[in-house]
Amino acid sequence: MIIQDSFKINTNKNFEIIDITSQINNLIAIENGIISIFSKHSTSAIVVNENEKGLLNDLEFMLDNLVLDKFSYQHNRIDNNARSHLKSFLLSSSESLPIKNRKLDLGTWQSVFFIELDGPRHNRTVTLTMVGE
Amino acid sequence: MIIQDSFKINTNKNFEIIDITSQINNLIAIENGIISIFSKHSTSAIVVNENEKGLLNDLEFMLDNLVLDKFSYQHNRIDNNARSHLKSFLLSSSESLPIKNRKLDLGTWQSVFFIELDGPRHNRTVTLTMVGE
Amino acid sequence: MIIQDSFKINTNKNFEIIDITSQINNLIAIENGIISIFSKHSTSAIVVNENEKGLLNDLEFMLDNLVLDKFSYQHNRIDNNARSHLKSFLLSSSESLPIKNRKLDLGTWQSVFFIELDGPRHNRTVTLTMVGE
């Protein structure tokens, strides 16, 4: 069985981390299988980790340290968001996760996050593709 | 057909790389399809690369250079393992891989690894979700 | 329904980014589902982002800055390509993506890329595993 769905996200800051775990669980429509969670944007990311405010600030700090502001990126001649794309390369725009008993089969300390790397933006789209039974 | 399984890993060091390729192959119960390999912990990772001792030491070295010890991370006020989480963000906690003829369809020089980033720990859980026929 | 396919890539430079979106779309043989796109090599990567020449140069630049040349990597005693492997760890060797109406369901600015990190090479293999209906 294949079920496809999607939802929209509006973001309010340049860098913003949004916990989408319960939004995904509400849309799960199979009992067991795999779900692909995919962001249709190349300046955002989908990741799994712990929802702790300090840690999420540390993630922003680390990304700023890995993709330094001091360099002149070529993409900025076209659109001034090269660093947003480069951070997205490091985190990736999708996750494929297990579904068990009609919900994400995550560990106790795990959440799924949408990461806005070039906001604020309206109508960011996340697609869900469930394969299972 | 959906098959779900899992296994446990005990780790002995703070940073440890464990080749789980044959453990996964032994649990594969479909002929062809996709397998999601997922670690239920946010201070660990699942990756695919070459099993060469020197390279695996280089990986540890690179991660320590990317997530520097000299900064004071906010998450460390809660739990002294911010760097373990941040390395996990860079590597990701899952892989979805092809199954062909009842085994992982990897290249000659590829293995699947569980990476412990905050050990030693007992009962790390890796789940396997196979979709196929 | 499970469909498995693959194609070969020849690369001409040490670092090279090849847009494989239309090649994948031409091989899609299901209507809706998930496709696993997997490179059978541990010195390459599969990523999703924008096909803009300047940005792709920025990606090469960033990776060279993250995996520095000045260190002496242990893997180089065996094979002089430790940095190629380490870049592959950061980007990952697969992507699992949604298929809708017999094509990749990507956003307007998204392409799928094969990234050569240790070329030039002949016969790089990318496998496609489609699960759906």
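Q: How many residues of strand E4 (residues 44-49) of chain B are buried?
A: In this predicted model, 6 of the 6 residues of E4(B) are buried, so the strand is largely enclosed by the rest of the structure. Buried means under 20% relative accessible area, exposed means over 50%, and partly exposed lies in between (1.4 Å probe, protein chains only). Strands (E, at least two residues) and helices (H or I, at least four) are DSSP runs, numbered from the N terminus.

Q: What should I know about the numbering and the model before going on?
A: Residues are numbered from 1 along each chain as its sequence is written, while chains are lettered from A and ligands numbered from 1 in the order in which they are written. The model is predicted, so local features need pLDDT of at least 70 and side-chain atom pairs count only at pLDDT 80 or more, whereas totals for chains, interfaces and linings use all residues; side-chain values use heavy atoms, with hydrogens and water left out.

Q: Which residues point one way from E4(B), and which the other way?
A: In a regular strand the side chains alternate between the two faces of the sheet. Here B:Ser44, B:Ile46 and B:Val48 point one way from E4(B), B:Ala45, B:Val47 and B:Asn49 point the other way, and all are buried.

Q: Over how many bridges do E4(B) and strand E7 (residues 111-116) of chain B pair?
A: Two strands pair if DSSP finds at least two bridges between them. E4(B) and E7(B) pair in the antiparallel sense over 6 bridges, and B:Ile46 stands opposite B:Phe114 in E7(B).

Q: Which strands stand at the edges of the open sheet of chain A?
A: The sheet has 5 strands in the order E1-E8-E3-E5-E6, with antiparallel pairing. Strand E1 (2-9) and strand E6 (103-104) stand at the edges, each with a single partner strand, so one side of each has no neighbour in the sheet. Strand E5 (residues 94-100) of chain A pairs with E6(A) over 2 bridges, and A:Ile99 has A:Leu104 as its bridge partner there.

Q: At what angle do the axes of helix H2 (residues 53-66) and helix H3 (residues 82-91) of chain C cross?
A: Two packed helices are described by the angle between their axes and the distance between the axes. The axes of H2(C) and H3(C) come within 10 Å and cross at roughly 110°. Axes are lines fitted to C-alpha atoms, for helices over the stretch in contact, and angles run from 0 to 180 degrees between N-to-C directions. H2(C) and H3(C) are therefore roughly perpendicular to each other (65 to 115 degrees; under 35 is roughly parallel, over 145 roughly antiparallel and the rest oblique).

Q: Which residues make the contact of H2(C) with H3(C)?
A: C:Leu63, C:Asp64 and C:Leu66 of H2(C) meet C:Arg83, C:Lys87, C:Leu90 and C:Leu91 of H3(C). Contact means heavy atoms within 4.5 Å.

Q: Is A:Phe89 buried or exposed?
A: A:Phe89, in helix H3 (residues 82-91) of chain A, is buried, with a relative accessible area of 3%. Beyond residues up to four places away in sequence, A:Phe89 touches residues of chain C, including C:Val47, C:Leu56 and C:Leu90.

Q: Where is A:Pro120, and which peptide bond there is cis?
A: A:Pro120 is in the loop between strand E7 (111-116) and strand E8 (124-132) of chain A. The peptide bond from A:Gly119 to A:Pro120 is cis, with omega near 0°.
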